[in-house]
Amino acid sequence: MEILDKLKEKFEILQSQEKRKDLALVGTTEKDLIPLLVYLKEYEGYKTLVMISCVDWIEEGKFELVYNLWNPSKKHNILVKTKIDREAPKFQTIYKIWPQAEAYEREIHEMFGVDFEGNPTQHEELILEDWDDIPPMRRDFDTLKYSMEKFGEREPKSGIIIRKQISEQYDEWRRK
Amino acid sequence: MMWAKIFYAFLALLGGIAYGLFLGGVSRKITARMQNRRGPTIWQNFIDLWKLFRKKTAISHGVMFYLAPMFRLVGGAGTFLLVPIVVGNPYLSNFSFGGDLIVLMYFMVLGCLGMALGAAESGHPHAPIGVTRGLSQMAGYELPFVISVVVLMIADKTTSIEGIVRAQQGGILHWHIFTHPFAAAAAFISLLGMMGSYPFQVVLAPQEIAIGPPTEYSSTFLSYMFSGRSVFAVAKYLLFMNLFLGGASNLLWAFVKTFVIFLWPLFITNVFPRFRLEQSVLFFWTWPSLFGLIDLVRIYLVR
Amino acid sequence: MGKDKNYFLNEKPEKMTYGGVFRKINDWARARSLWVVAYGTGCGSIELRPTFTSRFDAERLGMRMVGTPRQADVLIISGYLTVKTLKRVIRVYEQMQSPKYVVALGACPINGGMYYDSYNAINRLDLYLPVDVWITGCMPRPEAILAGFKRLQGLIDSGKADGWKKYIENLDWYRENQRKIIKNWRMPNYNW
């Protein structure tokens, strides 16, 4: 794949793979990521940012940011990855390159707690209003425990669903 | 005699409301059948009215908010009471005195005006949008309607509805729909706008602005508006019957003719998509107005 | 008014005198003229479209979609409810005028359904709003929804659909449950 060879000449490539005929994967360092994205956009025709996603590698202590780019003329996708520190996750925003990145970064900030420096709206809540715990998409967040504590038991322990009448529940609550 | 007249007019008003609700049910049924479904019963509007009337009301936005449904009802009832049902019959001509076409046209605006004030006070953002649209739409359809009414006034040299009905006696070809076809066409197209039927449905516009002006109105308010709208519709059908279809010689004829007029906007409604506001107003100011003007010129030339 | 002020409505609306001479006629008319507020919270709202259009034609039961909660009688919770949606649902429910009924569709409002371990989908709706009729399934087909509405009509006819009265009577209990999960209520005030 010629695009991968070109990239290997110019940047520090940690990992590269041709997944399919129309999909390639490139892993790079934190430092080289933004020059690589700009190079792909301006010189190679990968004009569209499809999405940004984030993967939690809890064993390594890393977050992996994945930028999915699309070349409309060659009909080719490329995934650009980089790993950042998990303890104090911080990265440069790319909303000046692609304005639509603002919303994706806002979502990643909400779901993983990654701080995108320079993104003006990332602190506004997107779907989690008044969130009071660690970001929910991190793998050390126990979603079942949180759900049981906040929203109550799903059903009684016996396994048979016996629902108390609402009026009994009022009485119980009043007695307390 | 005066008290008897008031009593009979009141009876006719109740009958008018009931007839309007019945026609609303029939229109829902016909719409349902045209869409290949079964539809509600034709008495559905009576049930809705009763339910709305007995619902709780806990909303208040000020005095005008309370008065607007009353304006609507009074506008509808007033229009109804100024139109004779059967001309010449002392029990069924309501309060139609001589020279009442001009008063009538003022009354027809009253309901819209009260609604505009009340809806503007309700504070919901959809309401002023609906009101603006309604008033612009009114400026649209009033022009062809007034032109065609003026044609009839000049032709019959009277402004009273009874006079116009009397001028049409003596056979079906004396009806104004045949003697002044262009003016009739203008008026019947503007009827579509008055009834808010579908190509000109910009006021309620359910897909865009919820239901427009009455967004904040509920329960009892809505029931008053509902009955006001029904009786207003009946008044308009009666008016068009008297102006263009030669009036009615008895109640049965009045039912038949108003039912025929009622079917016209209904069938148009069910097969057309919707105009935007400016398209709608522009349409009223071009074709129907042109039709009206043709008859106006013709009247002068023939005379 | 500060932006962070708590806008929970604590005062109860006045109780409606329910009954009297017309009670039977009222119940009969209410059961046959159910206006549904057109508000979909989850995947179930896709099943409401065939229910209300030509294929299944709920209008023959006297039902209609209306675009504003002020005129509606029935609120359909169509599927899972997140905390963010629950705020809006409570607001819509309280703006509806009594008598009002709630119908919950699907497994999610009953016990969480397939989202029982989700971090923002609530598990049990009846802790927060009084529900009159539950329709199970994931999602219930339009036939099931129509059957549920027939059941609601039967309940209203016999005067048993009184969730709205319970809500007013036990408002403190409902408010406490709602406060547990909705930390900060920043919304304009409204009267109900």
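Student: What pLDDT does chain C average?
Tutor: This is a predicted model, and pLDDT is the predictor's confidence in each residue. In chain C, 85% of the residues score at least 70. The chain C average is a pLDDT of 82.

Student: Over which residues of chain C does pLDDT stay under 50?
Tutor: Look at the N terminus of chain C. The model has 15 contacts beyond four places in sequence for this stretch. The stretch where pLDDT stays under 50 is residues 1-8.

Student: How many helices and strands does chain C have, and in what order do the elements run?
Tutor: The secondary structure of chain C comes to seven helices and five strands. Read from the N terminus on, the order is α-β-α-β-β-α-β-α-β-α-α-α.

Student: What percentage of the residues of chain C count as buried?
Tutor: Buried means under 20% relative accessible area. Chain C has 192 residues and exposes about 7800 Å². The buried share of the residues is 61%.

Student: Which two chains have the most contacts between them?
Tutor: Two pairs of chains touch. Chain A and chain B do not touch, and their nearest C-alpha atoms are 25 Å apart. The pair with the most contacts is chains B and C.

Student: How much area do chain A and chain C bury between them?
Tutor: The contact takes 29 residues from chain A and 30 residues from chain C. Carbon and sulfur atoms account for 49% of the buried area. The total is about 2700 Å².

Student: Which residue of chain C forms a salt bridge with A:E129?
Tutor: Across the interface of chain A and chain C there are two salt bridges. In the one with A:E129, the closest N and O atoms are 3.3 Å apart. The partner is C:R88.

Student: Which helix supplies the largest share of the side of chain A that touches chain C?
Tutor: There are five residue pairs in polar contact across this interface, both residues at pLDDT 80 or more. Helix 4 (143-151) and helix 5 (166-175) of chain A each supply at least two residues of the side that touches chain C. The largest share is six residues, and it comes from helix 4 of chain A.

Student: Why does the salt bridge of A:E64 and A:K81 tie together separate parts of the chain, and how many residues apart are they?
Tutor: The side chains of A:E64 and A:K81 meet at 3.9 Å, N to O. A:E64 lies in strand 4 (residues 62-71) and A:K81 in strand 5 (residues 76-85) of chain A, so the pair ties together parts that are 17 residues apart in sequence.

Student: Is C:E59 buried or exposed?
Tutor: C:E59 forms a salt bridge with B:R28, with the closest N and O atoms 3.1 Å apart. B:R28 lies in helix 1 of chain B and C:E59 in a loop of chain C, so the pair joins two chains. B:R28 is buried, at a relative accessible area of 13%. At 12%, C:E59 is also under the 20% cut-off, so C:E59 is buried.

Student: How many residues apart are C:R32 and C:D157?
Tutor: These residues form a salt bridge, with the closest N and O atoms 3.3 Å apart. C:R32 counts as partly exposed at 28% relative accessibility, and C:D157 is partly exposed at 35%. C:R32 lies in helix 1 and C:D157 in helix 5 of chain C. Their separation is 125 residues.

Technical notes:
Residues are numbered from 1 along each chain as its sequence is written. Chains are lettered from A and ligands numbered from 1 in the order in which they are written. Side-chain values use heavy atoms; hydrogens and water are left out. Contact means heavy atoms within 4.5 Å. Helices (H or I, at least four residues) and strands (E, at least two) are DSSP runs, numbered from the N terminus. Buried means under 20% relative accessible area, exposed over 50%, partly exposed in between (1.4 Å probe, protein chains only). Accessible areas come from the Shrake-Rupley method with a 1.4 Å probe; for residues, only the protein chains shown count as cover. pLDDT is the predictor's confidence in each residue, from 0 to 100. Buried area is the accessible area (1.4 Å probe) that two parts lose on being put together, summed over both. A salt bridge is a side-chain nitrogen of Lys or Arg within 4 Å of a carboxyl oxygen of Asp or Glu. A polar contact is a pair of N or O atoms within 3.5 Å; within protein, one must be able to donate a hydrogen and the other to accept it, and residues adjacent in sequence count only if both atoms are side-chain atoms.
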